[in-house]
Every structure is written in C-alpha cells, then in structure tokens.
Amino acid sequence: MLKTLLALTILTIPAAAQIDSGKVALVGARVIDGTGNAPIEDATVLISGGIIQAVGAKNVIRIPADFQRIDVEGKTLMPLLVDDHAHLGQTINGLDPSPDAYSDENIGAQLERLLAYGIGTIAIMGTDRDLIYSLREDQQAGRLPGAHFYTAGRGFGVKGGAPGGAGAAWDVNRPETPEEARAEVREVAAHHPSFVKIWVDDSYGRAPKMKPEIYRAIIDEAHRHQLRALAHIYYLNDARSLLAAGIDGLMHSIRDQPVDPEVIASLKAHNTLYVPTLVRDESTFIYATGPPWLSDPFFRAGVPPAVLDKLPSAAFQQHAAADPDLGMNSDSLSMAEVNLKTLFDAGVRVGFGTDAGMPGRFLGYFEHRELQLMVQSGLTPMQAIVCATRTAAQFLGRDFGTLQPAQRADIMVLDANPLEDIRNTEKIIAIWQGGKPIKPISPQQ
Ligand SMILES: [Zn+2]
C-alpha cells in the first residue's frame, strides 16, 4: 500500500521535472521532515526539478535509474530554517549601523550569508525601502542568489517614538491621524508587500506609543487590501488590544508579565502567529558580559575579524554594561521564555523569528541561537524545529518548509542529530536550495 502511494506521488508531480533535469537521490540519512512526525531512519529522498518527489525508508523508495545517487549515510536531513522576523540592509559588518547598508550589494551579500547558514527564507519586518521591490523581481526571475525573502515594505511607527535607536534606516511611515494612516497603508499596498508591519511600544515608558485609533485604522485598511497586519509588541495589554483589533501576528514575545487565559484564548481563536524572538532579547544585555557563543566557530565564520576583535573588548563590554535597561532586558528574556512555554503548551501557533539583521543581531547565526533559546525555554528540539520550519513557512507560503513530496527541495544535511542536542543544527555539511547544491558556511575549528 505504502509503495503504491509513493509511486503515485512520484507520478503526479510531472511539471517540475520539466523545469530542471537535476534528479538526485539522497540516500541513507535520518530525515526530520519538519512536520513533527518521528524521524525516518535510513531514508531516501528523491529530488527532481528542484522539488521533493518522494521521502521514505530506503527499503520502500525505489530509485529510478536516471537519478544520481548521493550517499548521506549517518547524516541528518532537515528543512532549511525559515525566519519570520528579520531585517536587511541595516548594517554592513553586522554590528554598526550604516547609512550605506541599504544597497543591493549589501542586501545580496546578506541573503547569501543567510542561505550559507541554512536559512532558506526570511520575512523582512518593516524596514524596507522601494529598492526591495526591484530586488524581489530579481529574485523571482532567478537573478538574485541567496535566501528567499518576503517583505512588509515600509512599516508604521510613531513620531518621536518606535522604531528608533540603533537602526540605520528608520525610513518608516509615522502617521498622526487615522486618515493619514489609511492613506499610507494604501501607498504601501500599491507595491503588493506580503504584509504590513506596525510598532507598538513605548521603550519602557520613555517614548510615545502608537495610539489605538491609529493601529486600528492601519489594521483595518491592511485587511481591506487583503494584507495581514503584524505588530512589534512588548506589553500584555497591548497584545490584548491588538488582538481585539484583528492583528494577524505578534512579532515579539509578550514579556512584561505572564500571559493570561484571555490572551491565550484570543491568540488561539484567531490563529494568530506568535513569534518569540528570544535571541533579540538576549542581544539587549548579553554583550555586557560577552556572549558564550563568541568563541563558537560557527558564529565566527560569518563575522568580520574587526567585529570579532571588538565584541570581547573591555571598551565595548563597558559600553554595553552602562545601559540602564540591562536588568530589565534580562528580566524580559526570562519572562519571554516562561510565556513561550505556556503558549506553546496551550496550542498557540508559535512561529520562528530573530530580529536578526539589526546591529548586533547577526544574520545566520542568530537563527540557530534562537532554536537553542527555545529549547532552553522548555520546548523539545523537535518542537522548536517544527516552529522554525513548517509553522514559520506556512505563514509565508505553501510550497516549502517541510521535507514532503511537492515541497521545494530546501534541505540541510547535518553531521549530527539535532534531536539529541539542538546545537547540532550548526553542524551543516551540505545545503540544497530548490534542489541545487549551495556551499555552506565553513567554520575553522
Ligand atoms: Zn524587528
């Protein structure tokens, strides 16, 4: 029966095979398919035309004669990661904001670095300029290598308030009336972004926060244009009010207090995406003492030497330690971890994001660190992987994010099993994007 089903699966996907003749069989690995199902040991994955044609135990899947057989015995295959909350073009070296960072050259380099780290797809959360739309055309035409991206275009903040701080390019809308907000949403919608991003935060009470009448207008106008509205949040009460206004995603953790049954019920009733971005919170205090991962070769491989020298320096750490918010930021991460466990166990739709790409939040490495922090919060490695693959992907599209037939062949090959230790997602020995081999980042041990 199983054999028949699989054979049918192969036969019913003819279109892709005509696009690209690359027919490959990856044979002998453990497959974590991203759905949460138990891994398939000693598996065969058939790829043709950039699409997965079949996945199953080696003794069940027949390899057609014209497929190139690649031995991956003892390795682990899993989907490329999907980051629902990232930024591009904010910094060139990863650490310092730069007005020159928003260029096609730098954004292209960042997309390639992401892919080399095993990140197949990202969603850019509201810091884009119009250049992103021509880059999107390039990507869709196959002219732009690297991770695939979705964009919220130009986001919505507050005059004199969020977003602010270290970003290089806070070129966002800051409407002062609901009418202005609606007009600006229409302007953004004309570019056909994938969603609309708003910031609802007061920086620990120091800055004005977006008024409810403004975000209600933005959310409503976005929905009129069939666009989802996604929010930067911090407080439980803002989350509650945004949920009542129809927000489609909370793109950071609720981290001022424990979540309550009402908010849990609301998140579930609306199937709202909840994206923890724990590593973002870690980055707001960890540089004061030096992150333990500064010595991780996998981190170091993607960061310029000058930045590697600067991060552990006394001057840099003292500067970070002088931040009056340090204690509050550290408490916020602890609260975020508690809330993640509560929400996940309650059945809330937990996606995956990092806020990487902002200064000090390193694209590529931070996604792997986020997985580790999710596990530290009490999720199993399998649960964290499903958040970062199937759940994160299905928020963006339907044809990638799991290793199942008819999905894009976005695969990473690991030298060790991440279900035993989530840090094993760093042991990337091969990457396939749409069935094409891509050179992974190579750490110097
Ligand atoms: Zn962000």
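I began with helix α4 (residues 131-140), which in this predicted model lies across β7 and β8 and runs at about 145 degrees to β8. Contact here means heavy atoms within 4.5 Å, and angles run from 0 to 180 degrees between N-to-C directions, with axes fitted to C-alpha atoms, for helices over the stretch in contact. Helices (H or I, at least four residues) and strands (E, at least two) are DSSP runs, numbered from the N terminus.

I noted that residues are numbered from 1 along each chain as its sequence is written. Local features need pLDDT of at least 70, side-chain atom pairs count only at pLDDT 80 or more, totals for chains, interfaces and linings use all residues, and side-chain values use heavy atoms, with hydrogens and water left out.

Next I looked up the sheet, which is open, has 3 strands in the order β6-β7-β8, and shows parallel pairing (two strands pair if DSSP finds at least two bridges between them). β6 (81-86) and β8 (148-151) stand at the edges with a single partner strand each, so one side of each has no neighbour in the sheet. I found 4 bridges joining β6 to β7 (residues 119-124), and Leu81 has Ile119 as its bridge partner in β7.

Last I turned to helices α14 (residues 365-376) and α15 (residues 381-394), which pack at an angle of about 135 degrees with their axes 9 Å apart. The contact is made by Leu371, Met374 and Val375 of α14 and by Pro381, Ala384, Ile385, Cys387 and Ala388 of α15.
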